[in-house]
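The following note comments on the contact between the two chains and on the make-up of one of them.

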Amino acid sequence: MKILTLILAMTVCACANDDDRKSSAPDVITIGVLPDQNKSDLTRRYAPLMDYLETETGLDIVLSIPSDYEEFLDEFNAGHLQLANFGGMTFIQAEQKSQAVPLVMRDIDLQFTSCYIINASDGRRSVAEFEGEVFSFGPNLSTSGHIMPRYFLITGGIVPERFFSSVQYSSGHDQTAKWVSDEIVAIGVANCDIVQSMFDDGRLSTAKLRILETTPPYPNYVWATQASLDLSLKHLLRDAFLGLDLTNPMHLPLLKAQGAGGYLPAGRDDFEDIRAAVRELASLVQSDPN
Amino acid sequence: MVIAATALLTTLYTGQHAELAAQDRIAFYHLASSAASQQLRRDTRSINLVLQAAANTTETAAGGFSLTARVSAALHSMQADLIKLRELQEQYADYQFSSTLGRLTERFGAIMHLHTEASMDPLLESVEAFELNIEQLRRLHMIAAANELASIEAQARRVLPNMAILMAILIVTCVVGWYVTRLLRESLVNQKRAEEALAASVERMHHMQKLEALGQLVGGVAHDFNNLLTAILGQASLLEDKSSRDEPMRQGLSEISRAAEQAALLTKQLLTFSRRQPIEPKIVDLNNLIRDMEPILRRLIGEDIKLTVRCDDTQNTIELDPGQFHQVILNLAVNSRDALPDGGEILLTAEHVQIDSDDHRRGDMVNGRYAKLAVIDNGVGMDKKTLDRAFEPFFTTKQKGRGTGLGLATVHGIITAANGHIFVDSNPEKGTCFEIYLPSSTRYAEKVAADSVSELAGSETVLVVEDEEQIRTLLQGGLGSLGYRVLTASGGTEGLEICGSRAESIDAIVSDVVMPDMNGAAFMKDALDMRPDAVGIYMSGYTDDIVLQTGVGGSAIPLINKPFELDELARLIRDRLN
């Protein structure tokens with residue numbers, strides 16, 4: 001119920017802007033990333049990108065990994081992060097709270113998907129066969145681990161809290177995968193990109209876990225800046241991202257670590273589908289308060 | 001194996017090539033879409049600039065018309081760009097970015113709607129968002145193209161080593177296949193050779209067994225027959241003595257004796273074939289034996305046939321009975337002569353050869369050094385059937401009464417008894433080749449040294465009278481080397497001159513029987529009258545009949561038949577002088 005209330009709260013109104021945040025051009029840029037995996041994996045994954053941005057922009061870059069999604073949002077809204085890698089849902093919240101400006105997104109982010117994952121020994125073939133089982137979302141503010149899968153489940157006729165015997169929320173996509181492979185939950189849903197990267201680097205074994213279904217595509221992650229950030233800095237950072245080239249051998253490891261083929265300029269309209277999904281969820285909750 | 005490897009290589013190459021071509025095609029599509037997006041972006045920017053300019057100026061009626069016309073033109077161009085993008089997507093059946101393209105189309109519809117409403121700010125905002133979406137689409141296609149190109153490169157990098165490995169496998173397969181084929185072929189050839197050699201060996205063994213059996217049979221009969229002939233000859237001789245006054249009976253008994261002697265000659269040949277004839281092997285030089293017999297052979301085969309004798313310069317010593325070997329050469333020469341009724345050529349060669357195991361034609365011969373004698377003619381030759389029976393006793397192709405059928409059988413017996421080997425090769429109308437191999441002897445030097453020092457040497461004076469210069473020279477050198485002082489004369493007249501004119505003693509006179517100026521008997525009588533202390537010896541190369549006609553027969557002076565070995569003459573001289 002806590003989660004549904006949160007969704008409702010997000011759709012009611014945008015909070016007032018903080019007046020003390022002014023246009024600035026800091027020499028040090030603090031970059032925050034969504035804590036959708038454990039901290040060490042995230043540090044390893046983002047280190048090449050941070051080095052690249054420092055070299056390309058000439059700025060000092062500091063990487064900040066908050067402990068959870070709420071802290072991440074708080075840090076951004078407090079103006080401690082100049083640039084942040086948001087999920088779709090957290091971006092909408094930051095946009096509402098502090099007019100976060102979308103900068104760039106990965107090529108895969110326009111058509112992102114979530115994966116329903118089950119233990120490899122389980123022979124069932126669809127989510128509909130898991131009625132009465134223990135189910136796990138990712139973090140409750142995660143677009144791919146919660147918001148969009150919930151939206152697709154409900155529009156598909158499955159209200160998780162009624163259909164499954166129990167609904168859990170993990171701290172990250174990697175934890176959801178571990179719960180499923182360790183048979184703590186029967187079925188879970190996670191970011192497909194992260195699940196695939198875990199298969200690729202050996203953190204997951206196909207002998208223990210398999211992908212059951214994939215959701216329809218939706219827009220997800222986006223790099224966004226504070227609205228107050230100097231326009232030239234925004235352009236400097238945007239051009240650095242857009243300059244990453246798959247055909248450049250120096251950029252290849254970085255892009256591979258990010259699971260990207262390249263970066264696109266991002267706009268507010270790109271997340272209209274998520275906004276629509278959140279609105280839809282809110283209306284469903286309103287019509288069915290149970 | 002090679003064909004399978006080639007087929008596999010071709011299949012893999014074709015598959016890889018097709019996949020790379022497909023990827024190349026997709027990469028081309030993305031690049032083309034990216035270019036179309038770029039054009040759309042340019043058109044959008046131009047409309048954006050027009051709209052921004054319009055927003056900053058006061059519209060007039062003419063300006064409004066102009067603005068509307070420019071916006072309409074730009075929108076028309078944008079519409080064309082969108083259609084082109086859609087066509088490209090459909091042509092390449094790629095719907096990866098269809099939702100993005102759909103969103104663009106939808107937004108374009110909104111722009112058109114706003115344009116008709118002439119609401120400037122929302123239109124400007126919408127066009128800016130549209131421009132961003134176009135850039136996204138262009139970048140998506142660029143990234144997809146780069147991904148495809150990287151994939152093509154990666155696959156090409158993977159394919160190249162695979163192709164190299166496959167090529168290496170193909171080459172190795174070819175080389176191994178070639179080598180195995182060669183080994184198999186060599187193995188088959190060797191097997192076939194071994195089988196042929198075995199078959200030939202078996203055939204030779206059967207032939208030898210057959211000849212051996214015949215030899216035993218013939219030898220047994222000849223031995224018993226010889227005893228009977230001895231009795232017949234003895235009794236005939238006794239009866240001849242008792243019937244000296246009964247001329248008809250004496251003549252009859254003489255005919256019986258003559259016939260019995262001829263029969264004895266035949267049994268001697270039979271015993272030779274069956275190797276029961278007593279033999280007296282000696283160490284001799286094959287080359288010398290052949291050279292010594294050359295004059296006799298020339299007279300034997302006649303002038304219509306050209307005889308060529310070739311002996312190599314190396315010492316060619318063998319151990320056998322010289323008398324028997326004379327018979328071998330004579331029999332083979334007669335055989336060749338009879339094969340040349342209309343004349344031709346006979347080649348007689350002697351050489352020292354080494355036989356090794358690789359010479360399969362030589363059958364069971366033990367490896368080592370051999371004296372080889374070959375008698376070759378270009379006569380009528382023999383067919384296979386005749387050739388197979390050539391060494392059988394009593395087998396002859398000659399007319400009745402012309403041959404006994406024992407010539408080649410005797411040759412075979414003598415050569416086999418001397419541990420030698422005889423081979424014959426013949427083709428009808430082309431000729432025949434007999435090859436005889438006799439084991440080389442290493443005892444020559446010992447024998448010569450022993451004979452020359454202990455038995456044959458002397459210091460006396462010997463007069464040699466001989467019209468043949470070669471024989472004269474030979475005897476002068478040979479006897480001289482044994483220590484004798486040798487005087488020579490080319491005929492009886494010169495010989496008598498030497499006997500009369502020389503003051504020193506002449507201890508032995510060796511004379512030819514038939515000489516151009518006077519016969520040997522007449523010369524010997526006058527010479528011994530002049531030198532009564534000397535001993536005389538006749539030499540002759542003619543048959544007994546001719547010798548008898550010269551008056552030599554029946555005298556006390558010994559006769560040595562040509563050809564003779566120098567040792568024989570030296571021994572005779574030494575015996576006479578002693």
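1. By class, the chain A side that touches chain B holds eight nonpolar, five polar and three charged residues, Gly being counted as polar.

2. This is a predicted model, in which local features need pLDDT of at least 70 and side-chain atom pairs count only at pLDDT 80 or more, while totals for chains, interfaces and linings use all residues. Side-chain values use heavy atoms, with hydrogens and water left out.

3. Three residue pairs are in polar contact between chain A and chain B, both residues at pLDDT 80 or more (a pair of N or O atoms within 3.5 Å, one able to donate a hydrogen and the other to accept it; residues adjacent in sequence count only if both atoms are side-chain atoms). Strand S11 of chain A, residues 263-265, gives the most to the side of chain A that touches chain B, with three residues (strands are DSSP runs of E, at least two residues, numbered from the N terminus).

4. In contact (heavy atoms within 4.5 Å) are 16 residues of chain A and 16 residues of chain B. The buried area is about 1,300 Å², with 57% from carbon and sulfur atoms (accessible area, 1.4 Å probe, lost on putting the two parts together, summed over both).

5. Of the 578 residues of chain B, 41% count as buried (under 20% relative accessible area, 1.4 Å probe, protein chains only). Among contacts in chain B between residues at least 6 apart in sequence, 74% join residues at least 24 apart.

How values were computed
Residues are numbered from 1 along each chain as its sequence is written. Chains are lettered from A and ligands numbered from 1 in the order in which they are written. Helices (H or I, at least four residues) and strands (E, at least two) are DSSP runs, numbered from the N terminus. Buried means under 20% relative accessible area, exposed over 50%, partly exposed in between (1.4 Å probe, protein chains only).
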